[in-house]
Amino acid sequence: MRSIWNGAISFGLVSIPIKLVNATESHSISFRQIHTEDGGRIRYRKVCELEDREVTQSEIGKGYEDADGTIIPITDEDLAHLPLPTARTIEIVAFVPADRIDPLQMDAAYYLAAGGAPAAKPYTLLREALKRSQKVAVAKFALRGKERLGMLRVVGDAIALHGLLWPDEVRTPEGVAPDTSVTINDKELDLADALMDTLGEIELDDLHDEYREALEEVVAAKAAGEVPPEAPEPARGGKVLDLMAALEKSVRAAKESRGEEAGAAEEPAEVRRLPARKSARATPKQTGGKKSTASGAGARKTAAKKTVAAGKKSTAKKTAAAGKKSTARTTTAKTTTAKSSSAKTATGKKTAAKKTAAKKTTARKRTA
């Protein structure tokens, strides 16, 4: 690894020559600006405003712009002769517990390499002292034209230097937390703890940049003249409204993903979701279960129809039989009435004949 800074660690009266190297590297994919019409590269050229010409890197220096716009040139020699003890020295000012360092102050990380064989023993002495004390060293150093704050800690068999932001460079979280009053009960906290325990730990080495991998696939497909792969559409679920139900469901899902079974005593959580929008698509076909249910309903309807039909036929038969009996009775009654009328008529005729004969007899007697 190439060193970016050479100096020494000042540890009381002990001076340890070191080399500063980058401890991290970026694997992100970078892009170039191009002209969309013809694919030509877009470049930025450094042009002197006074001469209106492009200048090389060797012609470029540093300058400080004053309030009135005046540029004050600052050379590397001016920076090298700064009246600071940290110009080429990492000066340790204190040893503190690691938890005293706010992670918000963490900046870039570097490795400190021993600068030659004479630096091996004091370097090892500082490393072992940090290990045994379980503390970190707070130091000040100058890098790239400004003084910085740093933290020295042991990483394996090496000493690492973490750049720290100055305390006044870290903002306070005012106005960030919700201003609404919220009450969290013990059951919700217990479920949150259960979810944390179920998710467990993870090996950080197993994590990787999925976005970069997907971007590499897109670049490879475009280079081969193929259609870039498309990401699947995420499932669009309703917004979970019940926090308790969401926690319970998350715990069960985490247990299932780890091959564990949820407790039998646990009641199924009901997650209420927002009503989905009506879709203009046609209603999907019913599943086998629905068909079976429909068939059963149809069978019941058919049986009901047969029962009604049988009932109607039976009623019709009874009605017809009753009608026939009534008709027969009516006919018999009519016949009896007719006979009675005939008998009365015959009797009337006989009576009339007798009366006529009597009159005739009376008339004869009178004549005689």
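This is a friendly dialogue about reading one predicted protein model.

Colleague: What should I know before I start?

Modeller: Residues are numbered from 1 along each chain as its sequence is written, and side-chain values use heavy atoms, with hydrogens and water left out. Since this is a predicted model, local features need pLDDT of at least 70 and side-chain atom pairs count only at pLDDT 80 or more, while totals for chains, interfaces and linings use all residues.

Colleague: What does the protein chain average in pLDDT?

Modeller: pLDDT is the predictor's confidence in each residue, from 0 to 100. Here the protein chain averages 75, and 66% of the residues score at least 70. Over residues 264–271 the pLDDT is below 50, yet this stretch has 13 contacts in the model beyond near neighbours in sequence; a contact means heavy atoms within 4.5 Å. Residues 278–347 also have a pLDDT below 50, with 1 contact beyond near neighbours in sequence. Where pLDDT is low, the predicted coordinates should not be read in detail.

Colleague: How many helices and strands does the protein chain have?

Modeller: Both are DSSP runs numbered from the N terminus: helices are H or I with at least four residues, strands are E with at least two. The protein chain has 6 helices and 11 strands.

Colleague: Which strands make up the closed barrel?

Modeller: Two strands pair if DSSP finds at least two bridges between them. In this model, 7 strands form a closed barrel in the order 1-2-8-11-10-9-7, with mixed pairing. From one strand to the next, the twist averages 40°; the axes behind such angles are lines fitted to C-alpha atoms, for helices over the stretch in contact, and angles run from 0 to 180 degrees between N-to-C directions.

Colleague: In which sense do strand 1 and strand 7 pair?

Modeller: Strand 1 (residues 3–11) and strand 7 (residues 89–97) are parallel, over 3 bridges. Ser10 has Glu91 in strand 7 as its bridge partner. Strand 7 in turn runs antiparallel to strand 9, joined by 6 bridges, and Ala94 is partnered there by Val138.

Colleague: And what can I see around strand 10?

Modeller: Strand 9 (residues 135–143) is joined to strand 10 by 7 bridges in the antiparallel sense. Strand 10 (residues 146–155) also pairs with strand 11 (residues 158–164), antiparallel over 7 bridges. Follow Leu149: Lys140 stands opposite this residue, and so does Leu164 in strand 11. Strands 10 and 11 form a hairpin with 2 residues between them, and Gly156 in the turn has a positive phi of about 65°.

Colleague: Is Tyr111 buried, exposed or partly exposed?

Modeller: Buried means under 20% relative accessible area, exposed over 50%, and partly exposed in between, using a 1.4 Å probe and protein chains only. Tyr111 counts as partly exposed because its relative accessibility is 29%. Tyr111 is found in strand 8 (residues 106–114). Leaving out residues up to four places away in sequence, Tyr111 touches several others, including Met1, Lys19, Val155 and Ile159. Met1 is 110 residues from Tyr111 along the chain, with their C-alpha atoms separated by 9.9 Å.
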